[in-house]
Amino acid sequence: MTFNDIFKSGFLENIASVSMLDMAIALILSFGLGMFIFLVYKKTFSGVMFSSSFGVTLVALTMITTVVILAVTSNVVLSLGMVGALSIVRFRTAIKEPLDIAFLFWSIAVGIVLAAGMIPLAVIGSVAIGVFLILFVNQKSYLNPYIVVLTCVDHNCEQAARAYLEQKTERCILKSKTAQRGQIELNLEIRLRGDNTDFINELAGLDGIGSAVLVSYNGEYMG
C-alpha cells in the first residue's frame with residue numbers, strides 16, 4: 001500500500017465536514033462567552049495595572065480554540081498535523097497574576113466544550129464559574145498584610161514605635177532593619193484589626209519618628 005492509497009481509503013472519505021450553520025453558531029457562542037469571561041475578569045481584577053489587551057486575548061482565545069477544535073474533529077489528517085504544530089509552540093509571556101492562569105484555562109475550556117457541541121455545559125459552567133469568581137475573588141479581608149516603613153532616630157524611639165504598633169494591630173512582625181548613624185529604618189509586616197488606618201498618623205507624630213509609611217502588600221508587589 002502506497003502513501004496515496006492511505007489517503008484514498010474509505011476511512012478518510014467518511015469524515016464529515018463542519019456545516020456553515022454549526023460554524024456560525026459555535027463562533028457566535030464563543031464570542032458571547034468570551035465577552036462574559038472578559039467582563040468577569042474586568043470585574044474581579046485586583047492587580048497593579050489593568051491590561052485591556054489581556055481581556056481581548058481572552059475573547060480571541062475562546063474563538064480560536066473553538067475554530068481549532070472544530071477543524072480537528074472534522075478532519076483526521078488535519079488533527080494529526082495540528083498536534084505536531086502545537087507541540088513546537090512555546091509561550092514566553094510571563095503571567096503576572098496567578099488568577100490570570102485560571103482565566104486563560106477557562107477560555108480554552110469553553111472553546112473546547114463549545115466545539116464539541118456541549119453548549120449547555122459551556123453556558124451553565126461559565127455562569128457558575130463567573131458567579132463564583134465575582135463572589136469570592138474581591139472579598140475584602142482586614143487580615144490582609146501591610147508593610148509599615150519607619151525611620152527612627154534611636155533605639156528608644158524604635159522600641160516605643162514597635163510597642164505602639166503591637167498595641168494597635170493584630171500582629172506585628174519585623175521584616176528588615178537598616179541602621180545608620182542617627183537613623184534606623186524598620187520594615188514591619190502588620191495585620192489590621194479593622195479598616196481604620198488613622199493609627200499611622202498618630203505613629204508619625206511620636207517623638208523621634210522621622211516618617212511612617214503604610215503600604216498594602218500581597219507577597220509579590222506593593223501598591
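Reply: Glu 189 counts as buried, because its relative accessibility of 11% falls under the 20% cut-off. This is a predicted model, and in it Glu 189 forms a salt bridge with Lys 175, with 3.4 Å between the closest N and O atoms. Glu 189 lies in strand β3 (residues 183-191) and Lys 175 in strand β2, so this pair ties together parts that are 14 residues apart in sequence.

Glu 189 also meets the side chain of Arg 191 in a salt bridge, at 2.5 Å from N to O. Arg 191 has a relative accessible area of 17%, and because buried means under 20%, Arg 191 is buried. Through shared partners, the salt bridges join Lys 175, Glu 189 and Arg 191 into one network.

The structure holds 3 salt bridges. One of them is between the side chains of Glu 158 and Lys 177, at 3.1 Å from N to O. This pair links distant parts of the chain: Glu 158 is in helix α8 (residues 155-168), Lys 177 is in strand β2 (residues 171-180), and the two are 19 residues apart. Glu 158 is buried, with a relative accessible area of 2%, whereas Lys 177 is partly exposed, at 43%.

Technical notes. Residues are numbered from 1 along each chain as its sequence is written. This is a predicted model: local features need pLDDT of at least 70, side-chain atom pairs count only at pLDDT 80 or more; totals for chains, interfaces and linings use all residues. Side-chain values use heavy atoms; hydrogens and water are left out. A salt bridge is a side-chain nitrogen of Lys or Arg within 4 Å of a carboxyl oxygen of Asp or Glu. Helices (H or I, at least four residues) and strands (E, at least two) are DSSP runs, numbered from the N terminus. Buried means under 20% relative accessible area, exposed over 50%, partly exposed in between (1.4 Å probe, protein chains only).
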